[in-house]
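Colleague: I should like to learn how to read a model of this kind, feature by feature. Would you take me through one?

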Amino acid sequence: MPETRTDTREPEGLVQRLARDDVDRKRFLKMAGSGAAASFGAFVIAACGSSKKATTAATSSTSTASSGASGDIAIVNYALTLEYLETAFYEKVVQAGLFKGKVGALIKDFGAQEATHVEALKGTVMKLGGTPAAKPAAKFPIESANQVAELAYTVENLGAAAYLGQAAKIQNPEVLAAALAIHSVEARHAATLATLVKKSPTPDGAFAKPADMSTVLAAVKPFLV
Amino acid sequence: MQDHTTIPTDGANAGLAEVEVKGLTRSSFILRGALAAGALYGASAVTPFVSGAFAASGRGDAEILNFALTLEYLEAAFYNEKGPQVGLSGTAKSYAKIFGEQEADHVKALMSTIKQLGGKPVAKPTFVFPVNSESSFLKLASVLENTGVGAYNGAAPSLKDKEVLTAAGAIVQVEARHAAAINLLLGKSPTPDQGFDRPLTKEQVLAKAGPLIKK
């Protein structure tokens, strides 16, 4: 027996709309010009980057909403910086040609996915009324397949922990939804790399550990030129 | 002359003397400790110091977590009860053991948290899992884990309490790791939604999980 529920707790946002409504998704994708694509990713990028409507955060520079927006802008720019680094890392790895076959295809996929994270986060910062962080110059040691896979495992675990560490600080529920959608993908990357280096797909056990911004930035400092 | 860097270690603060642990605020450390303690020792291990932290969050969060609890009961039963019945071997067997323990930890933690929120944890349902081979077991595992990711990602933005949100995030990250590992074992993409995991509504989750719940 279908149950009609009226959830009055919070307004229906991006998450509810796009998860619920296939018609809505398709309409949005048409707007974004990617008619054939049915991926949630294309939808997120379109939603993050294409809105011409001013958000509550962007319209006012003095309301409390904008202090939320400036906090969110900082968080998203931090995530954007990490995504730039991950994208650069995978690009170098693919260039080095260390992985073939199925593993090579996975590595390429992950790099492409990190690049879509960059696009989405750039768009999100702009939609919030901010300026996206610049792409940092990066350097990574690329010596052997196993060394690279170990490094990738470390980086992806760090990325997942970074997103988890910020989730509670994000004010805007749509930004949070996007962050969660990315967070779990980084976890998938980490688990995949774990199988390559014969390490645990769940190194923290049943509950993943968050990492705070200073910890993460200190950990990635060696990769910044 | 009082040393302001010394944190009192007596009474209720004993064992909670660290104001910051790896950048976590004290209250989120309490929560994580509570969840871990709840996972290991049951609700009685959660100190009364925690209930104040949860007082404000309300029934909405408890209801959301009860939905998550139903899924965790389901996954735990699947790995821990159905798995041995099917007879698994190799990596499938070791994943079922490890992931099953972790799902059981999720059950305990959610039950404990729901009680701390002033809610009543739902009772464990009876499940039916229509699988009888390793292959069909793994396929259903993939469905359950990937659905679990979507369920948490769909529900989490509605959570009012930010520490509960972090706890949910700590769980969904692990479900995503499970999902990727199981998918790889099946020769499937570990990232079926590519760069962005699709959030699911409650109805979409129940479409997958509902048929397995016998009531």
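Predicted model: local features only at pLDDT ≥ 70, side-chain atom pairs only at ≥ 80, totals over all residues.

Colleague: What pattern do the elements of chain B follow from the N terminus on?

Modeller: The elements of chain B run α-α-α-α-α-α-α, with seven helices and zero strands.

Colleague: How much of each chain counts as buried?

Modeller: In chain A, 46% of the 225 residues count as buried; in chain B, the figure is 49% of 215 residues. The sequence separation of the contacts may be read alongside this. Of the contacts in chain A between residues at least 6 apart, 73% join residues at least 24 apart. For chain B, residues 24 or more positions apart account for 77% of the contacts with a separation of 6 or more.

Colleague: How does one check the length of a helix, for example H8(A)?

Modeller: One compares the expected span with the distance between the end C-alpha atoms. At 1.5 Å a residue, the 25 residues of H8(A) should span 36 Å, and the end C-alpha atoms are 36 Å apart, so the two agree.

Colleague: Is H8(A) mostly covered or mostly uncovered?

Modeller: H8(A) is mostly covered, with 22 of its 25 residues buried. Just after H8(A), A:Lys198 takes a positive phi of about 55 degrees, although A:Lys198 is not a glycine.

Colleague: Where are A:Lys198 and B:Gln194 found, and how exposed is each?

Modeller: A:Lys198 is found in the loop between helix H8 (173-197) and helix H9 (213-220) of chain A. A:Lys198 has 7 other C-beta atoms within 10 Å, and therefore counts as exposed. In chain B, B:Gln194 has a phi near 55 degrees, a positive value in a residue other than glycine. B:Gln194 lies in the loop between H6 and helix H7 (202-209) of chain B. Because B:Gln194 has 18 C-beta neighbours inside 10 Å, it counts as partly exposed.

Colleague: Which residues touch the most other members of the largest nonpolar core?

Modeller: In soluble globular proteins, nonpolar side chains tend to be buried together. Here the largest nonpolar core has 106 residues, and those touching the most other members are A:Val76, A:Ala167, A:Ala179, B:Ala68, B:Tyr152 and B:Ala168. Leaving aside residues up to four places away in sequence, B:Ala168 touches B:Tyr152, B:Ala156 and B:Leu159.

Colleague: How many residues of chain B are in contact with chain A, and which elements contribute?

Modeller: On chain B, 44 residues are in contact with 44 residues of chain A. The elements of chain B giving two or more residues to this side are helix H1 (26-41), helix H4 (90-116), helix H5 (134-155) and helix H6 (162-185). H6(B) provides the largest share, 16 residues. By class, the side of chain B that touches chain A has 21 nonpolar, 15 polar and eight charged residues.

Key
Residues numbered from 1 in each chain as written. Chains lettered and ligands numbered in written order. Contact = placed C-beta atoms within 7 Å. Helix = DSSP H or I, 4+ residues; strand = E, 2+ residues; numbered from the N terminus. Nonpolar A, V, L, I, M, F, W, Y, C, P; charged D, E, K, R; others polar. Core = buried A, V, L, I, M, F, W, Y, C linked by C-beta atoms within 7 Å. Buried ≥ 20, exposed ≤ 12 C-beta atoms within 10 Å, placed from the backbone. Expected span 1.5 Å × (residues − 1).
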